[in-house]
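Welcome! Take a look at the model, and then we will walk through it together.

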Amino acid sequence: MSGVNILTDTELERFSRQIKLFGVDGQKKIKCSSVLVVGVGGLGCSALMYLASAGFGKIIFVDNDIVELNNLNRQILHWEDDIGKAKVESAIWKLKKFNSSTLLDGLNSEFNEETGESLVRSVDVVLDCLDNFKTRFILNRLCVKYRKPLIHGAVYGFEGRLFTIIPGKGPCLQCIIPFQPTEISDPPVVGSTPAVIASLQVTEAIKIVTGIGYPSIGKFIVYDGESMSFFEVSVKKRDNCPICSLIDYEDLQL
Ligand SMILES: [Zn+2]
């Protein structure tokens with residue numbers, strides 16, 4: 001990207017309130033960073049909005065679904081006129097209008113072992129905004145393989161979960177969920193739940209690329225909207241994790 005190492009006057013003004021937090025250098029790091037968002041549903045829509053609002057230089061997102069009426073209670077980038085369109089098509093023009101200086105690449109394709117390999121390799125941070133563990137496990141394996149930070153988000157009803165994986169520095173998703181759980185199709189969800197978790201995912205992404213704060217490594221965060229509480233579960237790397245045990249962490253330069 002040309003000009004990524006400098007901030008324009010427009011950018012200095014646009015991001016002035018967050019530059020107060022992490023300085024011009026922090027904002028430059030965000031501008032120089034690329035993010036992959038896998039899934040453009042409830043989590044993905046909110047995450048994409050906040051990634052674009054934060055000024056990430058490049059955002060790649062992937063989904064092969066089309067917009068349906070029952071998506072609209074939570075997938076805020078998809079509107080009534082978008083029903084029947086591809087989700088990436090629905091999302092991309094709104095994001096372009098929202099932040100015209102972010103490079104956007106929306107891929108209307110399935111995320112799998114073949115398509116995912118080059119996508120994961122090409123970015124700095126990955127957000128898991130999926131709705132199934134089959135694909136999550138593929139994403140987790142690729143992120144561990146290529147040593148890419150992965151921020152896991154999941155929602156059900158009023159409950160959401162967040163977990164950040166930095167390969168070599170803490171457990172991966174399969175350290176704590178070793179086997180694929182039974183998939184639940186069309187789970188209940190209130191739209192504000194993915195908004196909460198997606199906001200936390202973007203917060204983690206900002207912290208990782210700027211180096212500020214402490215990502216939720218080894219801390220599985222649970223949000224319970226019904227009782228309005230957050231709690232955390234300490235989790236550790238498992239010696240017999242089917243993914244981590246394949247990686248030689250000794251040679252990691254993190
Ligand atoms: Zn693991």
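## Getting started

Before we go on, a word on the names: helices (H or I, at least four residues) and strands (E, at least two) are DSSP runs, numbered from the N terminus. The model shown here is a predicted one.

## The chain as a whole

The chain holds eight helices and eight strands. Its C-alpha trace spans about 50 × 45 × 40 Å along the principal axes. For 254 residues, a compact globule would have a radius of gyration near 18 Å, and the chain agrees, because its own value is 18 Å.

How much of the chain counts as buried? The share is 43% of the 254 residues.

Let us start with helix α2, residues 16–31, and helix α8, residues 192–210. Their axes come within 9 Å and cross at roughly 105 degrees. Angles of 65 to 115 degrees count as roughly perpendicular, so α2 is roughly perpendicular to α8.

Which residues make the contact? From α2 come Phe-22, Gly-26, Lys-29 and Ile-30, and they meet Ile-206, Val-209 and Thr-210 of α8. By type, the residues of this contact divide into four nonpolar, two polar and one charged.

## Two helices side by side: α3 and α4

Now turn to helix α3 (residues 42–54) and helix α4 (residues 87–98), whose axes lie 10 Å apart at an angle of about 25 degrees. Angles under 35 degrees count as roughly parallel, so α3 is roughly parallel to α4. The crossing in which α3 passes α4 is right-handed.

In this pair, Cys-45, Leu-48 and Ala-52 of α3 meet Ala-91, Leu-95 and Phe-98 of α4. The residues of the contact of α3 with α4 are six nonpolar, with no polar and no charged ones.

## A closer look at Lys-207

Lys-207 has its place in helix α8. Is Lys-207 buried, exposed or partly exposed? Lys-207 counts as partly exposed, because it has 18 C-beta neighbours inside 10 Å, and a residue needs 20 or more to be buried and 12 or fewer to be exposed.

Lys-207 and Ile-30 are 177 residues apart in sequence, yet their C-alpha atoms are 9.6 Å apart in space. Leaving aside neighbours within four places in sequence, Lys-207 is in contact with Ile-212, Gly-213 and Pro-215.

## Two residues with a positive phi

Most residues other than glycine have a negative phi. Asp-186 is not a glycine, and its phi is positive, at about 50 degrees. Where does Asp-186 lie? Asp-186 sits in the loop between α7 (173–176) and α8. Asp-186 is exposed, because 7 other C-beta atoms lie within 10 Å.

Met-228, also a residue other than glycine, has a positive phi near 50 degrees. Met-228 is found in the loop between β7 (219–224) and β8 (229–234). With 8 C-beta neighbours inside 10 Å, Met-228 counts as exposed.

Notes
Residues are numbered from 1 along each chain as its sequence is written. This is a predicted model: local features need pLDDT of at least 70, side-chain atom pairs count only at pLDDT 80 or more; totals for chains, interfaces and linings use all residues. Axes are lines fitted to C-alpha atoms, for helices over the stretch in contact, and angles run from 0 to 180 degrees between N-to-C directions. Angles under 35 degrees count as roughly parallel, over 145 as roughly antiparallel, 65 to 115 as roughly perpendicular and the rest as oblique. Two residues are in contact if their C-beta atoms, placed from the backbone, lie within 7 Å. Ala, Val, Leu, Ile, Met, Phe, Trp, Tyr, Cys and Pro count as nonpolar, Asp, Glu, Lys and Arg as charged, and the others, Gly among them, as polar. A crossing is left-handed if the near helix is turned anticlockwise from the far one by less than a right angle, and right-handed if clockwise. The radius of gyration is taken over C-alpha atoms; the globule rule is 2.2 Å times the number of residues to the power 0.38.
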